[in-house]
Amino acid sequence: MLNGLCVLHITNLCNLRCKHCYASAGNKLKDELTYEEITDIIDQLDEMNINYITVSGGEPLAREDVFDIIKYIRNKNINVMITTNGTLIDEQVIKKLKELKVDSVQISIDSHIPEVHDKFRGEVGCFEKAVNGIRLCKKNDIKVSLMSTLSTINRENINELIQFAVNLGVDGFAMERFVPEGRGNNEKEIAITSKDLKKCLEIIYSSRQKYKNCFFTTNDPLFSFIDGTAEVMYSLTKENKNLCGGCSLGKMAFIITPDGEVGMCTRLYTKIGSIREKKIKQIIEENKLLNTICNRDNLKGKCGRCKYKKICGGCRGWAYQTTGDYLGEDNLCWLSEEEISL
């Protein structure tokens, strides 16, 4: 794996109880990674040429040695982003983040309406705290992005949320589809439709053209059909059959959970091996399930029939949570059978 991304979950402890949390974060786990184990993980990631680590949780800022962990990552010259609910960011935290020269901070906000965000996150007043966190980042010249999860609670107000983000002056805006896993498995009614997803991705793309000072992005593999890269990459695969895009699961990205398990994706929290038993690289290279999923020729249903499967691959997390099959189809794809046929 070269120039990849690891999402390192340093704790399951969290001060909020978000309805859609894929990690079911809340209480600290009994067997969470020690500082020594985390530094060993970072050493391994450095050896694997991982050039970006996202420090996540739970709420990463709730861990007492979080700044020591960030410092260790930065000393390896690895880029680091902090994903946080923003409620624990104050002047003291900002001072430390600035000293450590974190590359960026990503703060989650699900709605521009305070009451809606607070209800979804499980605490009155957390919207105001998150916004204050964004403003403190901006005030101290720390790159900050707003992250939102697309669900039925905000699908009708995406434009308003984006305008809210732009007015705050954030450097980036990211939106990902809600996947019913973890605590979110109890909130399946907030899942979106194919029409919702397409509309959202179109808005993300148009906003990218409209607002030049804010980078709009999404990791959704179906975005390639909106921004035009699908056709470009498909034509290139005719010359290079090894070319692969879309879902980065196991290819360019993976996760490590607070109890030391290697997982495939934040949208597919399946654990495939413990760092307490094997090296990370060995786990990734040897795991049969991961290798099976990564082989796009194994995909089933509409994804298996699609000529773009090497370009997109669908969201494996969504496929598993909705079909019970890791190789199942991503039924949020809006392309017709005629469009996907060779």
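Student: Which residue stands opposite Ile 255 in β8?

Tutor: That's Val 7. Keep in mind that we're looking at a predicted model.

Student: What makes β1 and β8 a pair?

Tutor: Two strands pair if DSSP finds at least two bridges between them. Strand β1 (residues 5–9) and β8 are joined by 4 bridges, so they qualify, and they run parallel.

Student: And how do you know that β8 pairs with β9?

Tutor: The cut-off is at least two bridges, and 2 bridges join β8 to strand β9 (residues 261–265), so that counts too. These strands run antiparallel. Ile 256, for instance, has Val 262 in β9 as its bridge partner. The two strands form a hairpin with 4 residues between them, and Gly 260 in the turn has a positive phi of about 85°.

Student: Why is β8 called covered on both faces?

Tutor: Look at strand β8 (residues 253–256): Ala 253 and Ile 255 on one side are buried, and so are Phe 254 and Ile 256 on the other. Buried here means under 20% relative accessible area.

Student: What makes Ile 280 stand out in the largest nonpolar core?

Tutor: That core has 94 residues, and Ile 280 is listed with Phe 173 and Phe 254 as having the most contacts inside it. Contact means heavy atoms within 4.5 Å. Leaving out residues up to four places away in sequence, Ile 280 touches Phe 254, Ile 256 and Val 262, among others.

Student: Which residues does the second, separate core include?

Tutor: This core of 11 residues includes Leu 16, Cys 18, Cys 126 and Ile 255.

How values were computed: Residues numbered from 1 in each chain as written. Predicted model: local features only at pLDDT ≥ 70, side-chain atom pairs only at ≥ 80, totals over all residues. Heavy atoms only, no water. Core = buried A, V, L, I, M, F, W, Y, C linked by side-chain atoms within 4.5 Å. Buried < 20%, exposed > 50% of the residue type's maximum accessible area, 1.4 Å probe, protein only.
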